[in-house]
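Have the structure open and follow along.

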Amino acid sequence: MTSAATSAPFTPFSGPFAIGTLSAPGETRFPGLVAPDGQVLDLRTALDEPALTTLALLERWDEELPRLHTLAGDPTGDWRPLAEMAVHAPVEPRQIFQSGANYRQHVIDLAVAHRAPDAPGTVEEARAEVAAVMDKRAAEDLPYVFIGLPTTISGPYDDVVLPAWAEKPDWELELAAVISRPAYRVSVEEALEYVAGYTIANDLTDRASVFRRDMPPIGTDWLRSKNAPGFTPLGPWIVPAGSIADPSDLQVTLKLNGETMQDESTSDMIFGVARLVSYISQTARLLPGDLVLTGSPAGNGIHWGRLLRDGDVMDGSVTGLGTQRTRCVAEEDR
């Protein structure tokens with residue numbers, strides 16, 4: 001995780017409180033209870049645990065959640081203005097699970113964008129063919145999930161460094177689920193019981209590195225295309241799951257230099273949060289604080305023919321989760 005973080009205007013969220021990882025000038029990071037009026041309660045003091053981290057809080061989320069609600073409703077606490085704080089990524093995950101090809105329109109757009117000039121058939125036929133493949137995947141309950149590195153995590157207002165080798169860096173704003181307790185082989189019906197809350201992730205990708213040109217039969221190279229340091233701006237907040245009425249009915253919006261590029265509902269997901277968490281848990285053991293990224297909706301740079309470059313500013317929001325703002329900085333300029 002990058003060490004830089006900056007203060008930013010308070011961005012509202014749903015519910016009575018959210019969880020953030022914050023720091024005041026000259027102080028260490030701490031897990032904070034953030035109120036809707038932009039005030040912050042240091043949970044190390046409020047819970048009488050000086051070494052508390054956000055990850056440790058998530059490890060006993062079910063136990064602490066009632067206490068967090070009580071603290072949020074107590075005006076006599078030692079509240080401090082968020083404006084005095086630096087805002088970091090809300091959690092340092094041990095594992096990141098990323099869902100690919102999970103938005104119907106996004107997959108269709110990518111298929112057309114990567115279509116060979118001499119490919120047989122029309123664009124309309126290609127779209128119909130991809131739609132049929134997605135319908136089959138949904139019917140057979142086979143999400144596509146790969147693994148990311150925790151070192152890609154950066155803060156919601158940190159600069160994003162574009163590596164010199166990245167020829168086609170692209171944005172992918174996503175809804176991310178934060179796990180609350182160990183989950184192994186859980187059913188779809190019980191999967192949401194393992195979700196502490198939700199946050200925003202921008203899962204950047206270098207499109208030029210996705211497919212191995214030297215070894216086409218091997219397919220995708222997610223290590224190189226997605227795992228540069230700081231390639232996953234996260235946050236600003238973890239909003240408790242109970243404050244989000246329906247994770248399949250949220251608007252995911254990304255603006256590039258003020259122009260809307262992504263603006264899609266999570267209802268376009270092929271596999272919802274419960275199905276993704278259940279599917280991942282059939283193979284891997286999910287741990288508290290882990291992230292399940294649910295995929296990117298349509299409107300990526302490869303679709304618009306406009307990739308990220310030095311000086312670009314991305315504003316990403318998801319309904320009820322606040323807004324992140326990150327500026328792109330070319331590696332050679334740092």
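Let's start at a turn. In the hairpin of β1 and β2, with 6 residues between the strands, G26 takes a positive phi near 80°. Strands here, like helices, are DSSP runs numbered from the N terminus (E and at least two residues for strands, H or I and at least four residues for helices).

A quick word on what you're looking at: this is a predicted model, where local features need pLDDT of at least 70, side-chain atom pairs count only at pLDDT 80 or more, and totals for chains, interfaces and linings use all residues. Residues are numbered from 1 along each chain as its sequence is written, and side-chain values use heavy atoms, with hydrogens and water left out.

**Around β1**

Stay with β1, which covers residues 18-23. Is this strand mostly covered or mostly open? It's mostly covered, with 6 of its 6 residues buried; buried means under 20% relative accessible area, exposed means over 50%, and partly exposed is in between (1.4 Å probe, protein chains only). Both faces are covered: A18, G20 and L22 are buried on one side, and I19, T21 and S23 on the other.

β1 pairs with β2 (residues 30-34) in the antiparallel sense over 5 bridges, and two strands count as paired if DSSP finds at least two bridges between them. Within that pairing, I19 stands opposite L33 in β2. β1 is also joined to β5 (residues 86-88), again antiparallel, by 3 bridges, and there L22 stands opposite V87.

**The cores**

L22 turns up again in the largest nonpolar core, which has 58 residues; L22, W237 and M314 have the most contacts inside it. A nonpolar core here is a set of buried Ala, Val, Leu, Ile, Met, Phe, Trp, Tyr and Cys residues joined through side-chain atoms within 4.5 Å. The largest share of this core, 5 residues, comes from helix α8 (residues 273-281). The core draws at least three residues from each of domain 1 (18-88) and domain 2 (96-330), with the bounds coming from an automatic or database domain assignment. There's also a second, separate core of 28 residues, and L33, L41, L57 and I96 are among its members. In soluble globular proteins, nonpolar side chains tend to be buried together.

Now for the sheets. β6 (residues 96-100) and β7 pair in the antiparallel sense over 5 bridges, with Y144 in β7 as the bridge partner of G100.

The other is an open sheet of 5 strands, ordered β9-β20-β19-β16-β17, and its pairing is mixed too. Here the edges are β9 (160-162) and β17 (259-265), each pairing on one side only. Neighbouring strands in this sheet are turned by 20° against each other on average, direction ignored; the axes are lines fitted to C-alpha atoms, for helices over the stretch in contact, and angles run from 0 to 180 degrees between N-to-C directions. Inside the sheet, 5 bridges join β16 (residues 251-256) to the antiparallel β19 (residues 313-318), and K255 has D315 in β19 as its bridge partner.

**Salt bridges**

How many salt bridges does the structure hold? It holds 18, where a salt bridge is a side-chain nitrogen of Lys or Arg within 4 Å of a carboxyl oxygen of Asp or Glu. Here are some of them:

| Pair | N to O distance |
|---|---|
| R94 and E59 | 3.3 Å |
| K226 and E172 | 3.1 Å |
| R212 and D214 | 2.8 Å |

R94 lies in the loop between β5 and β6 and E59 in helix α2 (residues 54-59), so this pair ties together parts that are 35 residues apart in sequence. R94 is partly exposed at 39% relative accessible area, and E59 is partly exposed at 43%.

As for the remaining pair in the table, R212 counts as partly exposed at 28% relative accessibility, whereas D214 is exposed at 53%. Finally, salt bridges that share partners join D170, E172, D203, R207 and K226 into one network.
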